[in-house]
Amino acid sequence: MTAWHEKTAHEIRNAVRARHVSAAEVAESYLNRIAAVDPKVDSYTQVWADFARAQAARVDEKIARGEDAGRLAGVPIGIKEVICTKQGHTTCSSRILEGYQSPHDATIIRKLEAEGAVFLGKLNMDEFAMGSSTENSAIKTTRNPWNLRCVPGGSSGGSAAAVAADLCAFSLGSDTGGSIRQPACLCGCVGIKPTYGRVSRYGLVAFASSLDQIGPLTKDVEDAALALNVLCGKDAMDATSANLPVPDFTQALTGDIRGLRIGMPVECFTESLGAEMREKVLSAIEVLKGQGAEVVEVSLPTLDYALAVYYIICTAEASANLARFDGVRYGFRHPAAGDVREMYVKTKTAAFGPEVRRRIMLGTYVLSSGYYDAYYLKAQKVRRLIKEDFDRAFTKCDIIVTPTSPTPAFEFGAKTADPLEMYLSDIYTISTNLATLPGISVPCGLCASGLPAGVQFMAKPFDEATLLRVAHCYEKNSGITLGKAPIA
Amino acid sequence: MEYEAVIGMEVHVEINTKSKVFCACSTHFSAPANTNVCPICLGMPGVLPVLNREMVNKSVAAGLALNCTISRWSKLDRKNYFYPDMAKNYQISQYDLPLCSNGHLDIEVDGQPKSIGITRAHMEEDTARNTHTLGGGQSGVDFNRSGVPLLEIVTEPDLRSAQDAYAYLTALKQILQYLDVSDCNMEEGSLRAEANISVRPKGASVFGTKTEVKNVASFSGVMKAIEYEIKRQVELIESGGAVEQETRGWDPDRGITFTQRKKESAHDYRYFPEPDLVPVVVDAAWEQRIRESLPELPLPRKHRFMEQYGLSDYDANVLTGTQAMADYFEAAVQADADAKKTANWIMGDLQALLTEAKADISACNVTPACLAEMIRMINDNTISGKIAKEVLAEMFVSGKSPKQIVEEKGLVQITDASAIEGIVRQVLADNPQQVEQFKAGKDRVVGFLVGQVMKASRGKANPEKVNEILRNELAK
Ligand SMILES: [Zn+2]
């Protein structure tokens, strides 16, 4: 029999609810796995063994009393460092929040707990979710379970590596420009960024407020649907959360995609896409065709500007969002400051890493008097054009398909010297954030190097149901099984 | 050369919602330091603001009362600057699309009407309060005030004197209190006024260089600061100098303004739309609901009082000073009392009692109906005006009706001629010397004798009747 830590969330949930296994046993299986394997992967920044055992015990008590133990009864999950939890620390993998204890839980943390989830601990990330390799963490270096010399992607690198190495049943990530989908792709798991407004951001430490969205990284598409059932919904604490009904996404996984129109943006399949990736994504499209979907060409002419627009808007918002980390009320404060101004400067200089400092400065610049119109305002206008491009494309198709990442996982240090090179890692993912669409990355095979590749599907705003239906149909019919990551 | 001053005002008023503008904390910031706080108003990581709908209601009401256009679609923006009293190091405010714009407030200065343009009124959050009195070089921050709702009201440069500014502030405060949108208490900081002041040769069309005077703690302080600043600027120009654009503070003890911040260090606030909040959409129906709920405003009410009740400008002004006062007056008049007499009683004896008790008319024991009843009792000679003062004082303490008090204390006026004749005869018999003097032609002693009769009747005799009967008896 396979170990519990190798099973999916829905398998665990069903087994726990049917009393085939106790939540305590499942938690123990994962805690043992973490103790044995995480020293190689280094995905966890904190492991909450006692806390997880107590949560699992509560689930078991409920089941013993015959009560409903929730839609995620006994499912052990890991949480990205950027999500606020009263338990443990919330550091955003930054020195400036070293040891910071949040006075509140994120809305989704409360929802997950109410549904019987068990929290194993927190997962490493790029500092303040800024990066595509998790190399910007001030805490530790997380490795890709498929090749320990390679990065897990980012910024939710810990979340992706933990799922790929069976260190949690699923994990929570956040996605501002691809931070769930790109690491999911690089680590060979499923990662979904819901539509902006689908999931409450209350308790997600903000990087770029108009782009950030929480989502799950899972072992399969069904788990993604299961997780979204719990995560989605209007939250009175988040004014930007959408007041729309949340369907049962697991009901959308019918396997039937006949007549669905799959759009291929011509701009995403040009020469600049490497042959191997191209072949993998094209064969994924063939699988969908074989299931009765219709493939149409669409055009997203403003896509070329997405990266530039993204790095203006996200840095502008970040420059304000990160202003609060000043050493006045919480977090790191430089001990050798004479006055207030010096305290700000020394604190921020000492405790923010170089990428965070770069983005704060860039964002401050694009908002400055005299530059605002040329940068920030223009970027907002182009953002609208990009959204209109997608709106037009979605009149011709129901789903858009692209690669998730232009390359599979790369070695440590390969792109750290050139920020622009690193920024290109998100070339296929950032436009969904700009256009506030839902997007999902699903594994589409292993490259010759033995590293996973991923295909990305995008859908109309709030049409996660169709998105999951297509992803699920692809997963079931691709004939691809990655197998387990070697962790070597 | 003759100069004229050009003045614009920026007023911040705290809107008296129960909870703060973006969180559920109470707005009572006089509580012990850092007790009315939560992760949101402390700017903890991961929190989000949610706009208090009541803040929008009250701001729209203020905007409508100031004859503003209410934006169908407005938004909130982040104003970025670093200061320890800023929880997030940005303030949520409104930049290019304020909720209210293009209004005006009609005021009267020395009886002359004047219209002051209102450029805009926008919503924002208050900051925390720094204290530097902890000792040992330490500073403290009290976040109770952080996130208290503010409405910033900006005028056109339409004011020309300190008196204009005073009249504007008074009218603004009166309106905001009528609307119950703010306490407008300058000492407690719920109203803060800044004046932009420049001078120019009379008749010139271009503006002079302006200075901004901040941190003045009272309306009279604002008036004095403006007067000082106008004088300072004129003297500076006359002596060949030039006014520098700067922010100046007011020293009430020395009665002078002083440089606080030069223009060079002006901030670049890097405003941009607040992505954590959705646009504020006030549709026509919402605006109409608020418009219909607006009370009659002070100035129109004053004019109506003059017209409808024949009151003087002064009396109508005093009686419309607060909504409670005006409502009290009208309630009494509607309870069938003479308007002018009611005005006199309210502004005279009742106000004196209120002032002495440091009480507000809204919490007065004397109901308008009782005051009206008392005035009617004077009119129909049940009691004299003098007795009425006694009755009112008793009403003020006990809240009893005047009728009850008059009955209990036997204060009904004596108008019966035979009863008064009896007292008069007794008084004449007791004062033969004065009767002699009268007969010798000294008419003045009548006053003394009347007084004796009133005293003998314990004030209850009708004074007119006493006079008449006394003269008749003396003539005998
Ligand atoms: Zn609060």
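Two residues are in contact if their C-beta atoms, placed from the backbone, lie within 7 Å. The structure described here is a predicted model.

Leaving out residues up to four places away in sequence, A:Ala169 touches A:Thr8, A:Ala9, A:Ile12, A:Val75, A:Pro76 and A:Ile77. A:Ala169 sits in a loop of chain A, between α5 (157–164) and β4 (170–175).

A:Gly290 gives a contrasting case. A:Gly290 belongs to helix α8 (residues 275–290) of chain A. A:Gly290 counts as exposed because it has 10 C-beta neighbours inside 10 Å, and the limit for an exposed residue is 12 or fewer. From the C-alpha atom of A:Gly290 to that of A:Tyr474, 184 residues away along the chain, the separation is 10.0 Å.

**The two chains**

Chain A has 15 helices and 11 strands. Its radius of gyration is 21 Å, close to the 23 Å that the globule rule gives for 488 residues, so chain A is as compact as a globular protein of that length. Chain B has 15 helices and 16 strands. The radius of gyration of chain B is 30 Å, well over the 23 Å given by the globule rule for 476 residues, so chain B is more spread out than a compact globule.

The table lists further values for each chain.

| Chain B | about 95 × 55 × 55 Å | 42% of 476 residues | 69% |

**Where the chains meet**

How many residues does the contact take from chain A and from chain B? The contact takes 34 residues from chain A and 24 residues from chain B. On the side of chain A that touches chain B, the elements giving two or more residues are α9 (306–321), α10 (340–351) and α11 (354–367) of chain A. Of these, α9(A) gives the most, with three residues. Sorted by class, this side of chain A has 18 nonpolar, 10 polar and six charged residues.

**Nonpolar cores**

In soluble globular proteins, nonpolar side chains tend to be buried together. The largest nonpolar core here has 232 residues, and A:Ile77, B:Ala165 and B:Tyr168 touch the most other members. A:Ile77 is also one of the residues that A:Ala169 touches. Setting aside residues up to four places away in sequence, B:Tyr168 touches B:Met9, B:Leu105, B:Ile107, B:Ile116, B:Thr155 and B:Leu159. Another core lies apart from the largest one and has 32 residues, including B:Ala316, B:Ile346, B:Cys364 and B:Leu392.

**Domains of chain B**

The domain assignment divides chain B into domain 1 (3–286), domain 2 (296–409) and domain 3 (417–475). Taken over C-alpha atoms, the centres of domain 1 and domain 2 of chain B are separated by 37 Å. The contact takes seven residues from domain 1 of chain B and six residues from domain 2 of chain B. On the domain 1 side, α2(B) gives the most, with four residues. The residues of that side divide into three nonpolar, three polar and one charged.

**Helix α3 of chain B**

Helix α3 of chain B covers residues 219–238, which is 20 residues. From its first C-alpha to its last, α3(B) reaches 29 Å, close to the 28 Å expected at 1.5 Å a residue. Which residues of α3(B) are buried? They are B:Val222, B:Met223, B:Ala225, B:Ile226, B:Tyr228, B:Glu229, B:Ile230 and B:Gln233. An α-helix has 3.6 residues a turn, so residues three or four places apart point the same way. The buried residues of α3(B) are covered by elements of chain B that include β1 (3–14), α2 (162–178), β11 (191–201), β12 (211–213), β13 (246–251) and β14 (256–262). After α3(B) comes B:Gly240, whose phi is positive, near 90 degrees.

Methods
Residues are numbered from 1 along each chain as its sequence is written. Chains are lettered from A and ligands numbered from 1 in the order in which they are written. This is a predicted model: local features need pLDDT of at least 70, side-chain atom pairs count only at pLDDT 80 or more; totals for chains, interfaces and linings use all residues. The radius of gyration is taken over C-alpha atoms; the globule rule is 2.2 Å times the number of residues to the power 0.38. A residue is buried if 20 or more other C-beta atoms lie within 10 Å of its own, exposed if 12 or fewer, and partly exposed in between; C-beta atoms are placed from the backbone. Ala, Val, Leu, Ile, Met, Phe, Trp, Tyr, Cys and Pro count as nonpolar, Asp, Glu, Lys and Arg as charged, and the others, Gly among them, as polar. The expected span of a helix is 1.5 Å times one less than its number of residues. A nonpolar core is a set of buried Ala, Val, Leu, Ile, Met, Phe, Trp, Tyr and Cys residues joined through C-beta atoms within 7 Å. Domain bounds come from an automatic or database domain assignment.
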